[in-house]
Amino acid sequence: MKKTIPIFLILFGLWSLAACQNEDALPTSVATAAVVEAEDEAAVTATSASSEQAVPDPTNLPEPTTTPAPPTPTPLPPKPMTICLGAEPTSLFLYGDDSLAAMAVRHALYENLFTTLNYDYQPQGLQKLPSLDEGDARIGLVEVKEGDLIVNSAGNVVFLVPGVQFVRGDGEFITFDRSLTADDAEPLLMQQMTVDFTFEPMIWSDGAPVTAADSVFSYQIAASPDAPSDQEKIERTASYEATGDLTVTWMGLPGFLDPDYFTNVWMPLPQHQLGDFTAAELLAEDSPAPQSLSSGPFVVDEWRQGEALILRPNPNYYRADAGLPHITELTMRFDLARETAVAQITAGCDIATHDAISLSQTPEVLAAAEAGELLATFVSNNIFEHIDFGINSWENYGDGNRNGRPDWFEDVRVRQAITLCTNRQQLVDEITFGQSRILHAYIPDDHPLYPAEAQSWDYDPAAGNSLLDEVGFEDTDGDGFRELVERDLSATIVATTTMSITLSTNSESDIRLRINELVADDLAACGVQVNLADVNANDWFDDGPFSPLFGRRFDMATFAWRTSIRPPCGLYLSSNVTGPEERGFGGWANINATGWIDEEFDAACLAAQDALPGTPEYTENHLAAAQIFTEQLPIIPLFHYLKTAVTQPTVLNFQPDASQPSELWNLAELDIEE
């Protein structure tokens with residue numbers, strides 16, 4: 001498994017990181033009802049008179065009446081909204097720029113097929129999320145033969161040739177040889193997943209229906225070698241076909257049982273508009289293709305380069321009958337990206353998105369919120385800071401020889417004591433200005449798969465000191481620092497080793513350097529001598545064996561991981577411990593720098609990874625793995641960094657979410673208080 005985060009995480013050390021929709025109101029419901037009732041009453045009276053054959057008196061006729069004209073429609077007041085982004089997109093095309101700013105704009109132009117709120121998935125442009133339980137996702141058996149493209153037992157796409165290891169249809173791990181497909185052999189079967197999707201009846205902004213064929217066209221563009229999009233899922237796709245006007249079917253390669261199978265659907269692109277253009281033409285900076293039609297709540301009216309995008313409501317938006325979108329003109333500005341969030345609000349922005357707000361702006365944001373000038377929201381960005389223990393260090397680092405120290409961290413009581421002695425709330429208060437929360441595992445405590453009985457190890461220096469006493473660390477010479485004491489049978493001290501450790505991080509991160517200073521002070525109060533060290537990021541995050549971090553040559557190391565919706569228990573599997581593969585480790589490009597090996601944790605995590613979401617095995621094993629992790633503490637989890645966004649007090653329905661990348665995911669529902 002290859003590491004993907006170091007370059008991004010260095011940045012934390014820098015501290016600065018189509019016509020307008022007709023809004024005319026219909027006549028009020030009361031007035032309309034009155035007209036209908038009058039007409040119905042006249043009809044009833046006429047019927048009654050006819051049935052009685054009554055003859056009206058020509059000298060006593062009623063005054064002629066006229067039906068009142070419907071009231072003149074009153075236009076609704078306009079509802080403009082201005083959103084300030086952190087940058088100007090370079091492209092609005094679906095597979096172009098993948099920045100947060102471009103993502104925000106695309107929420108206006110393309111209807112979300114699904115959302116990712118609260119660490120889970122919800123359908124939006126899909127009628128439902130497919131499910132194995134409900135039959136629109138299925139796992140069947142398919143015959144394979146030599147030369148077929150499959151996914152092997154390691155999860156890689158390979159041709160089925162002699163020597164390839166794979167999982168047979170009955171679940172057995174086997175190695176392929178030609179005898180398995182000989183004429184007299186039983187059919188060789190593998191598991192294959194098939195998933196059906198049904199779209200909502202969406203409409204393009206030109207009035208044409210959005211079809212399943214548009215989604216297949218989008219898939220073909222995404223699968224082009226010219227497309228910059230991630231090809232991993234496409235490479236594991238056997239077929240993606242339209243099976244009806246609004247239905248598509250995805251089929252994976254044999255052996256690919258995707259836990260996120262219900263997301264294997266591609267956002268439609270208007271084939272009737274863009275079908276004559278190649279992927280390269282659509283993605284070119286000076287593309288000859290027109291701006292794509294919109295299936296979302298807005299369409300682009302004008303792009304003022306370097307300044308703003310002007311959008312107006314999509315006249316054919318499929319949820320228009322529900323009164324959506326609420327906003328009548330949407331301006332997305334990027335000319336204020338260098339201004340502070342408070343300055344953006346003062347300049348007229350209704351919303352300033354989190355990509356425009358640095359962590360250092362938090363005090364000013366909080367002060368403005370306290371004064372009632374704006375509303376501030378803080379949610380996790382799923383980058384979690386932590387301190388790794390060097391539990392099983394590489395070679396003779398950490399065995400008491402050369403520049404190492406004894407394997408103190410092999411004893412879970414030492415890890416627990418160090419955690420108890422660390423004032424993590426102080427870190428939250430100083431680094432995130434009190435807006436984040438202490439973590440106790442690799443997932444936050446509001447994650448649906450966080451165990452109810454998880455251990456928290458809250459700040460308690462007295463308990464930490466007691467554990468260190470129990471292990472045998474004492475201050476025998478009165479210098480304020482503990483020593484690991486060895487006694488003979490008569491309890492006479494025969495040797496002592498000062499409990500001195502090095503706490504390291506990358507030099508460029510002012511935040512981590514400050515974290516380490518605070519932690520060193522905390523541990524000194526528990527009698528632990530801490531030496532601070534820092535290494536330039538290129539060396540610190542490099543692959544082993546020469547990297548101090550992933551070469552497993554450290555005592556304690558501070559850095560961060562970016563996570564996603566699924567609990568990332570795989571970060572700490574023993575199979576991912578860095579080290580040479582020929583010696584049974586996971587390779588020097590792997591990710592588990594702690595060297596921690598726990599068979600019980602491995603079993604639970606692997607079972608969770610092998611299970612599919614929604615099954616009891618998936619839930620139970622993720623809960624079990626997280627529970628073990630909070631007890632064994634191979635790391636000290638610290639806190640999540642934050643996505644900070646601000647709005648005018650009049651903005652309604654603004655709902656940032658930790659697991660939804662852009663806070664503008666529900667642009668159609670955003671509103672302004674009248």
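Buried here means under 20% relative accessible area, exposed over 50%, and partly exposed in between, using a 1.4 Å probe and protein chains only. Keep that in mind for the tour. The model is predicted, so local features need pLDDT of at least 70 and side-chain atom pairs count only at pLDDT 80 or more, while totals for chains, interfaces and linings use all residues. Residues are numbered from 1 along each chain as its sequence is written, and side-chain values use heavy atoms, with hydrogens and water left out.

**Stop 1: the disulfides**

A disulfide is taken as a pair of cysteine sulfur atoms within 2.5 Å, and a search of the whole structure finds three. In sequence order, the bonded cysteines pair 1-2, 3-4, 5-6.

Select cysteine 84 and cysteine 349, whose sulfurs are 1.7 Å apart. This link is left-handed, at -60 degrees about the S-S bond. Cysteine 84 sits in strand β1 (residues 80-84) and cysteine 349 in the loop between α8 (341-346) and β15 (351-352), so the pair ties together parts 265 residues apart in sequence. For these labels, helices (H or I, at least four residues) and strands (E, at least two) are DSSP runs, numbered from the N terminus.

Next, pick cysteine 421 and cysteine 526, with 2.1 Å between their sulfur atoms. Their link is also a left-handed one, with -95 degrees about the S-S bond. Cysteine 421 is buried, at a relative accessible area of 1%, and cysteine 526 is buried at 1% too.

Finally, show cysteine 569 and cysteine 605, joined at an S to S distance of 2.1 Å. The torsion about this S-S bond is about 80 degrees, so the disulfide is right-handed.

**Stop 2: two cis prolines**

Go to leucine 324 and proline 325, where the peptide bond is cis with omega near -5 degrees. Proline 325 is in the loop between β13 (308-313) and β14 (329-333). Then select glycine 544 and proline 545, also joined by a cis peptide bond, with omega about 5 degrees. Proline 545 belongs to the loop between α14 (537-540) and β22 (556-562). While in that loop between α14 and β22, click on arginine 552, which has a positive phi of about 55 degrees although it is not a glycine.

**Stop 3: helix α16**

Select residues 616-632 to see α16. Its buried residues include Tyr618, His622 and Phe629, and what covers the buried residues of α16 includes α15 (599-610) and β23 (635-647). Leucine 633 counts as buried, at 1% relative accessibility.

Note on methods: Expected span 1.5 Å × (residues − 1). Contact = heavy atoms within 4.5 Å.
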